[in-house]
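Subject: Structure handover

Hello,

Here is the model we talked about. My notes on the sheet, the salt bridges and the surface follow below.

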Amino acid sequence: MRAFIVVSNTGVTAPIFDIRSLASTSGRLDLICRSLIASLLTPKGLRKDTTFFAILKGPPNPPLTIIARGSKIDTLPIDEVSIARIIKRVMSREHIRGFEAKRKDLKYVLNILSKSKYKLIYLREDGENIENIEFYEDTNYAFILGDQKGLSRADEKLLDKYGANIVSLGRVPYMTSFCISVINYVLDMRIY
Ligand SMILES: C[S@@+](CC[C@H](N)C(=O)[O-])C[C@H]1O[C@@H](n2cnc3c(N)ncnc32)[C@H](O)[C@@H]1O
């Protein structure tokens, strides 16, 4: 099983954004939408073994965690505007199969993943190179990534407390959604 957790320092925590000006009105939920697509979608359909978590910490009422479970979602659109529309509906308490919005923070998500025996991996440019990391088929992996600002000190401390290993895709900083695609590629190549 795989999980991707993206922490958004600015993502709004209520359905107050304009879909037509997504990036500028939502505190960069466009990044979350692209990350969700990169986590869960392939041209052949959904990754049923993968769960995506967006920890939103922006105004007006943080925190809010959006959860998208590949195992439960029937279909997913491939464009970020349609994903943003779904997130807006989920924030408005509409029931959409496979999606959930909870007034919970990173600690809550790390807690449930740790209890479910996920190995936590924090992606950061200066971590251990992924080429040196072994991945095993019978292990669950949860990858934690930052947004355009990276993770706060407090969130990094929390990850340290939960024993997350810091892993790098190289010294060049990439966009969050691109990192997720690379991780999926590496895991697909090495363990499937
Ligand atoms: C756009 S980067 C953040 C850029 C930079 N950390 C900053 O604060 O300006 C978004 C996230 O993608 C992940 N990331 C980007 N490049 C990476 C790399 N080369 N190796 C590992 N993770 C990376 C990290 O989790 C990072 O927080």
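Strand β5 (residues 64–69) runs antiparallel to β6 and is joined to it by four bridges; two strands count as paired if DSSP finds at least two bridges between them. Ala 68 sits opposite Phe 99 of β6. Helices (H or I, at least four residues) and strands (E, at least two) are DSSP runs, numbered from the N terminus.

Before the rest, the conditions. This is a predicted model, in which local features need pLDDT of at least 70 and side-chain atom pairs count only at pLDDT 80 or more, while totals for chains, interfaces and linings use all residues. Residues are numbered from 1 along each chain as its sequence is written, and side-chain values use heavy atoms, with hydrogens and water left out.

The sheet

β5 and β6 belong to an open sheet of seven strands in the order β6-β5-β4-β1-β8-β7-β9, with mixed pairing. The edges are β6 (99–102) and β9, each with a single partner strand, so one side of each has no neighbour in the sheet. Direction ignored, neighbouring strands are turned by 25° against each other on average. Helix α2 (residues 29–40) packs on this sheet and touches β1 (2–8), β4 (50–56), β5 and β6, where contact means heavy atoms within 4.5 Å. The direction of α2 makes about 170° with that of β4; axes are lines fitted to C-alpha atoms, for helices over the stretch in contact, and angles run from 0 to 180 degrees between N-to-C directions.

How is β1 paired with β4? The two are parallel, over seven bridges, and the bridge partner of Val 7 in β4 is Ile 55. With strand β8 (residues 140–145), β1 is also parallel, over five bridges; here Phe 4 has Phe 143 of β8 as its bridge partner.

β1 is largely enclosed by the rest of the structure, because seven of its seven residues are buried. Buried means under 20% relative accessible area, exposed over 50%, and partly exposed in between (1.4 Å probe, protein chains only). Arg 2, Phe 4, Val 6 and Ser 8 point one way from β1, and Ala 3, Ile 5 and Val 7 point the other way; all are buried.

Salt bridges

A salt bridge here is a side-chain nitrogen of Lys or Arg within 4 Å of a carboxyl oxygen of Asp or Glu. The count by this rule is 13.

Arg 28, Asp 30, Arg 34 and Glu 80 are linked in a network of them. Within it, Asp 30 and Arg 34 form a salt bridge, with 3.2 Å between the closest N and O atoms. The two are four residues apart in helix α2, which means a separation of about one helical turn. Asp 30 counts as buried because its relative accessibility is 7%, while Arg 34 is partly exposed at 26%.

Arg 34 also forms a salt bridge with Glu 80, the closest N and O atoms being 3.1 Å apart. Glu 80 lies in helix α3 (residues 80–91) and Arg 34 in α2, so this pair ties together parts that are 46 residues apart in sequence. Glu 80 is partly exposed, at a relative accessible area of 25%.

Another salt bridge joins Asp 126 to Arg 124, with the closest N and O atoms 2.6 Å apart. Both residues are partly exposed: Asp 126 has a relative accessible area of 46%, and Arg 124 has a relative accessibility of 25%.

Which residues form a nonpolar patch on the surface? They are Val 172, Tyr 174, Met 175 and Phe 178, with about 420 Å² of accessible area together. Patches are made of residues with over 30% relative accessible area and no salt bridge, joining like charges within 9 Å and nonpolar side chains (Val, Leu, Ile, Met, Phe, Trp, Tyr) within 5 Å. Areas come from the Shrake-Rupley method with a 1.4 Å probe, and for residues only the protein chains shown count as cover. Val 172 is in the loop between β9 (165–168) and α6 (176–191) and is partly exposed at 48% relative accessibility.

Ile 191 is found in helix α6 and counts as buried, at 9% relative accessibility. Leaving out residues up to four places away in sequence, Ile 191 touches Phe 135, Tyr 136 and Glu 137. Ile 191 and Asp 105 are 86 residues apart in sequence and 31 Å apart in space, C-alpha to C-alpha.

Regards
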